[in-house]
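Colleague: I have a few questions about how this chain is put together. Could we go through them with the model in view?

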Amino acid sequence: MSTRTLLRGGVVADGIGSTTRRADVLIDGPVIASVGAAVPGPPGCDIVDLEPGSVVCPGFIDAHIHAEGPLLASGRVDGALAQGVTTLVIGQDGSSWIGASADTARYLNDYYAPVNGVLEPPREMGVAGYHEALSGRLSHNIAVLASQGTIRHNVAGMASRPLNPGERIAARREVEKQLADGAVGLSSGLDYLPSRFGGVEEIAEIARPLAAAGRPYVSHLRSYGAEVRAGLGELVAVGRRAGIRVHASHMWGAPEEISSSFDAADAAGVAVTYDMYPYRRSSTILAMLVLPSHIQAGGPEQTVAMLADDGQRAALLADEKFSHESLRRVVLGCLPDEMAEFAGLPITQAAARNSRPAGEWVLDLLIAADLKVGAHLDRPSLTDDHLAWLALGDRHCAGSDGIYQGQNPHPRGYTAFARLAPYYLADGPATGYQRLARHFAANAADVYGLRHRGRLAPGMAADVCVVGPGGLTARATYDSPVIQAAGVSLVMVNGMITWRDGKPVTTAFPGQLVS
Ligand SMILES: [Zn+2]
């Protein structure tokens, strides 16, 4: 098989200039050899004549995706590949089982399976071990973040107190080790347990190795929406203390509040970036959406026991989160098989089918499912104007927050890039595709320090996404979420084709751990 490929007849959005240009792209092995007008194909070169109107972009980078489980199962995520995503940044929200001890993997299998999937059997799994488990069967590149909550559990279990000095040293060493093994940053998930038990001072201390490594601290903030300013304040405080740049995951909130926080970060000399997906509904584990952290602090087994206690139930049911009005906004996504009939329904409707009050029914659901329920939450205060402002901001990079578990996953794992595309193309394709290439590839490469990815230029890795003349089109919806996007005609990863004409190429596995 030839190792040289010429992509001929397309328009190139290299992610560098301000407008696209008519150019051919010659790929030699895993790297781009040249980008220019009418490049001659050397002897023995594979020539791909692109359909007129095709746009050759740098392979897209998903800055935030929950693909640990799907990758372990099959080495690829078709919902991402169909949108031209060549690099997946995993290890998100401080709660990945990559970097876990066997005990922590067991905990995460119980607590977080509706998001990342499970590691079976639960075992110690480092960055290097995960890569080895996928070696030779990866259709994408993966970049991995070390997870602060996972590391905290490794060193202190579910302790809700600050880590003691010895534990901090142990946690920082784990961060150092994972960076040495190729991790591209450190994530936290301050709505999740035990990640949320870490405060500014503690996280800054264990995040310090990021400074020398030139990598970011990436956080699912402690608060968004009406309290986004406090969440961003905490993020920036960690950045300032540790002397590192910081990145907010799946950002949302009012533009005025966010931009004043960015101004404060600039004044403090802390570089801040963010990712977002363009939907009003979020998606996560149901326990996080409805249960206060003191109910979850002892781990899933104890939580389930507390949910069966009359006194605890009465207290929970009196909380606003268990009101009919609140539960009406929560849609079930991932359920145990025997309860699959309720997937896709708002909790109030599912409860009505059982002729039960919604609050009582959802507590029993959590008990029956051992908490393993994923759900989507409508956020009425997140307006279309807010989404547009977030999508167009210079600090933004695309992150799907794709979750691929359960009967009714959020469609964002199949559509986030396709739904973002129109924001960048509004002023026409010439400048539009260059903006798109920056938001979909170059910006994320800069955030994570992936120096050889995210742009099309000689010497860069040959990760390529060709968008056909019809453009990238979302097809999945809330009601039919598992439908691949249309419009990407060709995907190359490290110089090999992994997606063509609407299908994965199942004979090439060029994906690497990138760093
Ligand atoms: Zn996430």
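Colleague: Which residue in β19 does Ile285 stand opposite?
Modeller: This is a predicted model, so the answer describes a prediction. Strand β17 covers residues 281–285 and pairs with β19, residues 374–378, in the antiparallel sense over five bridges. Ile285 has as its opposite number in β19 the residue Gly374.

Colleague: How many of the five residues of β17 are buried?
Modeller: A residue counts as buried if 20 or more other C-beta atoms lie within 10 Å of its own. On that basis strand β17 is mostly covered, and the number of buried residues is four.

Colleague: Which elements give two or more residues to the side of domain 1 that touches domain 2?
Modeller: The domain assignment puts 60–282 + 380–452 in domain 1 and 283–378 in domain 2. Their contact takes 24 residues from domain 1 and 24 residues from domain 2. On the domain 1 side, the elements giving two or more residues are α3 (102–111), α4 (113–116) and β17.

Colleague: How many residues on the side of domain 1 that touches domain 2 are nonpolar?
Modeller: That side also has seven polar and five charged residues. The nonpolar residues there number 12.

Colleague: Which are the edge strands of the open sheet of seven strands?
Modeller: The strand order is β3-β2-β7-β22-β23-β24-β25, with mixed pairing. Within this order, β23 and β24 pair in the antiparallel sense over four bridges, and Val493 stands opposite Met496 in β24. The strands that pair on one side only are β3 (21–22) and β25 (503–504).

Methods. Residues are numbered from 1 along each chain as its sequence is written. This is a predicted model: local features need pLDDT of at least 70, side-chain atom pairs count only at pLDDT 80 or more; totals for chains, interfaces and linings use all residues. A residue is buried if 20 or more other C-beta atoms lie within 10 Å of its own, exposed if 12 or fewer, and partly exposed in between; C-beta atoms are placed from the backbone. Two strands pair if DSSP finds at least two bridges between them. Domain bounds come from an automatic or database domain assignment. Two residues are in contact if their C-beta atoms, placed from the backbone, lie within 7 Å. Ala, Val, Leu, Ile, Met, Phe, Trp, Tyr, Cys and Pro count as nonpolar, Asp, Glu, Lys and Arg as charged, and the others, Gly among them, as polar.
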